[in-house]
Every structure is written in structure tokens, then in C-alpha cells.
Amino acid sequence: MLKKISKIPFKGTPEQEAKLRKVIEECKHDKSLLMHVMQQAQQIYDYLPFEVQVMIADGMDIPLEKVYGVSTFYAQFALSPKGKYKVSVCLGTACYVKGSQEILDRICERLEVEPDECTPDGVFSVEACRCIGACGLAPVMMVNDEVYGKITAEDVDGILDKYME
């Protein structure tokens, strides 16, 4: 059985639903357009919540498991909302051996979320990523497009504090 991924309640609007239903209506006769519909849905909602996946599956007469399978296979799809501040921690080899797991653990502890989750207020989302190409700065974390290199778990609070103000 599939389950909701996000702890944040779904807050889709009637306008968003109308846009998605229009896309589904235009594409429902060609099941090969599933990816296109999902991409459009993600543009409308910024992620693919469970409720949206159900709308797509029902509207296109495709099993929900297939929609979910596509959404979890391709990295372009997000199953949970993204915060105003997207916090990414590189877990690539260079960063990992220099302590990036401890940095990720500290971020999650401080924000009280797990990787791939968003804080209930929608301010922060946290993700673990693979190499971001800044191996010389390992370990690395990013907040949106701002890169923080050669950090330790002890640096996390100071970094996050800048975004909490």
C-alpha cells in the first residue's frame, strides 16, 4: 500500500486542481504522456503530493502504483514540498569521509525533520545529495545557492541561524 510521504497537510487550491484536470483531460487518451502530465503537475504544485498522484492515476486510468513508481524513479520529481530555504548536504565520497553525515544529522536534529522533509512552517527543507562538484571544500552543505565548505557539525547552528532571522 502506498502512503503519504509528507507530514505537511496537502494545501492544493481549486485553481491548481483546475489546471491539473485540464492537462489530464488533454492527455488522458495517450498513456505515453504520463511523464508530461506529471511534469506539468509538478510545475503547478511544486511537488507531487500523494493526492496529486491519485488525481493523475484516476484521470488517466493508470494504476496509482505506476504513477508512484515513475515519481520515485526519476530524480526530477519531488514527493514532499520544498521550503523557502532548501538545505542540501553532500554525501559524496569526499564529503562523507570528512564528516558530512554528522552535519546532516545535526541539521535534521536542529530542524526536527528527516532528509527529504520540510519543516511544518515551510521555511526549511532538507535533502542529502550526491557530489555537487565542490570536493576541494569537503564537507559541503548548501542553503539554496549558497555553498558552505569545510564545515563541521558544530558550524550548523550558526549557518541555520542566519536564515532563521
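**View 1. Y85, F124 and Y163 make up one aromatic cluster.** Rings of Phe, Tyr and Trp (its six-membered ring) pair if their centres lie within 6.5 Å. The whole structure holds four aromatic pairs by this search. The model is predicted: local features need pLDDT of at least 70, side-chain atom pairs count only at pLDDT 80 or more, and totals for chains, interfaces and linings use all residues. Residues are numbered from 1 along each chain as its sequence is written, and side-chain values use heavy atoms, with hydrogens and water left out.

View 2. F10 sits in the segment before α1 (14-27) and Y45 in helix α2 (residues 34-45), 35 residues apart. Helices are DSSP runs (H or I, at least four residues) and strands are E runs of at least two, numbered from the N terminus. Y45 is buried at 6% relative accessible area, whereas F10 is partly exposed at 28%. Buried means under 20%, exposed over 50% and partly exposed in between (1.4 Å probe, protein chains only).

**View 3. F73 and Y74 form an edge-to-face pair.** The ring centres are 4.8 Å apart, with planes at 85°. F73 is exposed at 64% relative accessibility; Y74 is partly exposed at 36%.

**View 4. Helix α6 spans residues 100-111.** Its buried residues are S100, I103, L104, R106, I107, C108 and L111. Just after α6, E112 has a positive phi of about 60°.

How values were computed:
The expected span of a helix is 1.5 Å times one less than its number of residues. Rings of Phe, Tyr and Trp (its six-membered ring) pair if their centres lie within 6.5 Å; planes under 30 degrees apart count as stacked, over 60 as edge-to-face and the rest as tilted.
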